[in-house]
Amino acid sequence: MAGAVDAMFGENNKYFMKLSNGEFARFKIDSGEHTFQVDVDGAPEFELKVLLTPGSMTCIKVESNPNLGGAVLIPLVANLTPNFIMSEVKCPTIEHLKDYQLVYGL
């Protein structure tokens, strides 16, 4: 799930998914340690290291950076602050996800 602008999601500087507000995605990936990135043009990326275990499901939330509020008034600061942040979260229920659109990679 993302904010008012599209968030590019990927790993190792290879973005394979674009998320807009009201969207979520599912994808399979090998187990092990991964460093995921979320980015939007003109701002630095945000990275999240995650250890994925075999046969499990991991959920990552992408959201607007709450620390960006003051930076909007000062464009230079906004260009130095990630627009989006990520965190590993408890996976939402199917009921919760019915209000979101499932999207796949680029």
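Let's walk through this protein, from its overall layout to its core and its disulfide.

This is a predicted model, where local features need pLDDT of at least 70 and side-chain atom pairs count only at pLDDT 80 or more, while totals for chains, interfaces and linings use all residues. Residues are numbered from 1 along each chain as its sequence is written, and side-chain values use heavy atoms, with hydrogens and water left out.

Start with the layout. The protein has 2 helices and 8 strands; helices (H or I, at least four residues) and strands (E, at least two) are DSSP runs, numbered from the N terminus. Reading from that end, the order is β-β-β-β-β-β-α-β-α-β.

Now look inside. Of the 106 residues, 32% are buried, where buried means under 20% relative accessible area, exposed over 50%, and partly exposed in between (1.4 Å probe, protein chains only). A nonpolar core is a set of buried Ala, Val, Leu, Ile, Met, Phe, Trp, Tyr and Cys residues joined through side-chain atoms within 4.5 Å. The largest one here has 15 residues, and F9, F36, V38, V62, F84 and M86 touch the most other members. Strands 1, 2, 4, 5 and 7 each supply at least two residues of this core, with strand 5 giving the most, 3 residues.

Finally, find the disulfide (a pair of cysteine sulfur atoms within 2.5 Å). C59 and C91 form it, with their sulfur atoms 2.0 Å apart. C59 sits in strand 6, C91 in the loop between strand 7 and helix 2, so the pair links parts of the chain 32 residues apart. At 14% relative accessibility C59 counts as buried, whereas C91, at 28%, is partly exposed.
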